[in-house]
Each structure stands twice: as structure tokens, then as C-alpha cells.
Amino acid sequence: MVADSSRVLPFHIILPLASAVVYVAAALFLKRASEAGAGVWRTTRACNLVTAALFAPLWLLGGTLPSASLWWQPALVALLFIAGQVLTMVSLRIGDVSVATPVMGVKIILVALLTTLLLSEQLTTELWLAAALSSAGIALLNFSRPAADSRVGTTIVTASLAAASYALFDVLVQKWAPVWGAGRFLPVMMGFAALYSVALRPPATEPHALSKKAALWRTCGAACLGLQALMLVSSIAIYRHAPVANVLYSSRGLWSVLVVWLAGHWLGGSESRHSPRVFAWRLAGAVLLTAAIAVVSIKSGFATAK
């Protein structure tokens, strides 16, 4: 029998969905690395170096290297990328994957908000509704605080700051990349991020030597984090369905709660020991955050994408 090609999911659907799942795996690996003693900065550096290596083949997409007067653009965007990475690592270190990951999904709402403000346009009804839904979702995540203090509030703050850094990163990439082309701007930007990561020294208090287990978790996490970024960016660059990709990628918030709840005990770690009640509240919060993201993305073109 010949397979019906109309029933096969297109790659602009498959890649963002796969990226969301791989991100959850990356977050779980990096959380375990942190619990085993891996420091924030050296973990960020490892992730940035791996991501830069994976982004290098995007050079084949082509583009133009502009004059030296514009090279400050990828250099500045790289700083925002590193800020987002560091804040992500901090949120995973001090808190739970099932809290940090859903909160970071508000990046899409922040992108829409920043774009609106930079263009001096009025806030739309959809943005107000998304803000209300996301606020309610974050409130439910905060309400999921277990009996033993897990610093849920601090995790929400650091994850929100990470989302803000990535949101401004997205807006500036969208603004500046067309002059360069995706095949030039993205590899150059990640090259700057790698240089920053190598040049800046970690705090003296951060451990240098790691156990074999911690090194393995960190390596797996860095590989998965770079792979998911490559899949998402490639999907947007090649198929140009950014609203669809972002909605599908935002499903990582739901996956993070479900995976930790249902299968977290296989990986171990402190988060897997939370009660079903805690995970139920977190799932409800993740659902509201996903709904908020969908509201914004549908307005931006998700419903009309082909």
C-alpha cells in the first residue's frame, strides 16, 4: 500500500514539536547536573559552545557580511542570548523544571508586547487577554508550592527574566537579521556568544572539577539544548512559519509538567518526589500559560498559516 502523504505531518510541524520535547530533556539533564554539583557559569559555557558548533552549518543558508560598522548588532544580541542562558540555568538550579519551563513560555507574549511598544502601537485586546491568562497561570504555579520551600517564587522571577531576555533577543534578530541573512547573522551571533563564554571567568566559588555523573548530565543537557535550538531556528528560517513554530514550541511547558510527573522518577532528582496535588496545580498553570500563548500567536497568523 502507498502511504497517504496528506496524513504525514509536514516538517514545519514536526521540527518545533520535536524541539519542545528535546528542550524538556535538556532541562531535566541540566537540573540533574546542577544537583550533582555543576555550576551555573561553566554549564552555560558548555551549552553555548555546543550550540555555536551546531549553528555553524547554518552558514550554508547564505547571506551577506555587511561592513564592520554593523557587527555590533550580533555582538549585542549575543549578550542577550547569554543573559537568557544564565538566567535559565539559575532558574533550573534553584527551582523545578515543571515551574521554570512553563513560565519561560511567556516569551512569545513578551515578544508581541515589545514589538507593539517599539512600533508605538496600541495594546490589542488579545494582548490584554493573554496577559490575564498568563498572570493566572503563574499564580497557579506559585500556588503549587510544596510543603517544603522549593523557592517557587524566585524560580518564577528568574524564569520570567530569562523569557524577557530571549524576547528582546527575538525582536532584535527579527529587526537586524534580514540585512545579513539567516546564514550569516545566526552563526556570527553564536560565535560572539561562544567568545564571550570563553573569555569571561566563572566565579571563584564555582566548582571546576566535576564527578563523572555530573559531567555526563551536563554533556547530555548541553547537546539537547543546542539540538532543540537548531531545530527550532532551522524550522523558522526554512519554512517561515514563525507563529506556528512558536505555538508548537510553547508546548514544552505542558510536556515538562507531564514528563516530570509521570516519568521523573526514572531520572531521579528532588522534583520527582512532589505530591500529585503539586503537579496537578502546575499542570493547570501550564495549561493557562499555553492558552495565553495561543491567543497571541493565533492573532499573529497561526490560524491562517498554510
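What you're looking at is a predicted model, where local features need pLDDT of at least 70, side-chain atom pairs count only at pLDDT 80 or more, and totals for chains, interfaces and linings use all residues. Residues are numbered from 1 along each chain as its sequence is written, and side-chain values use heavy atoms, leaving out hydrogens and water.

Let's start with the big picture. The protein has 12 helices and 0 strands; helices are DSSP runs of H or I with at least four residues, strands are E runs of at least two, and both are numbered from the N terminus. Of the 306 residues, 49% are buried, meaning under 20% relative accessible area with a 1.4 Å probe and protein chains only, while exposed is over 50% and partly exposed lies in between.

Now find helix H2 (residues 40-55) and helix H8 (residues 182-199). Their axes sit 9 Å apart and they pack at an angle of about 150°, with axes being lines fitted to C-alpha atoms over the stretch in contact and angles running from 0 to 180 degrees between N-to-C directions. That angle makes H2 roughly antiparallel to H8, a label for angles over 145 degrees.

Finally, head to the surface. Phe11, Ile14, Leu61, Ile238 and Tyr239 form a nonpolar patch there, with about 470 Å² of accessible area together. Areas come from the Shrake-Rupley method with a 1.4 Å probe, and for residues only the protein chains shown count as cover. Helix H1 (11-35) and helix H9 (212-239) are the elements that give two or more residues to the nonpolar patch. Tyr239 is found in helix H9, and Tyr239 counts as partly exposed because its relative accessibility is 34%.

Notes
Patch = residues over 30% accessible without salt bridge, like charges linked within 9 Å, V, L, I, M, F, W, Y side chains within 5 Å. Salt bridge = Lys/Arg side-chain N within 4 Å of Asp/Glu carboxyl O. Parallel < 35°, antiparallel > 145°, perpendicular 65-115°, else oblique.
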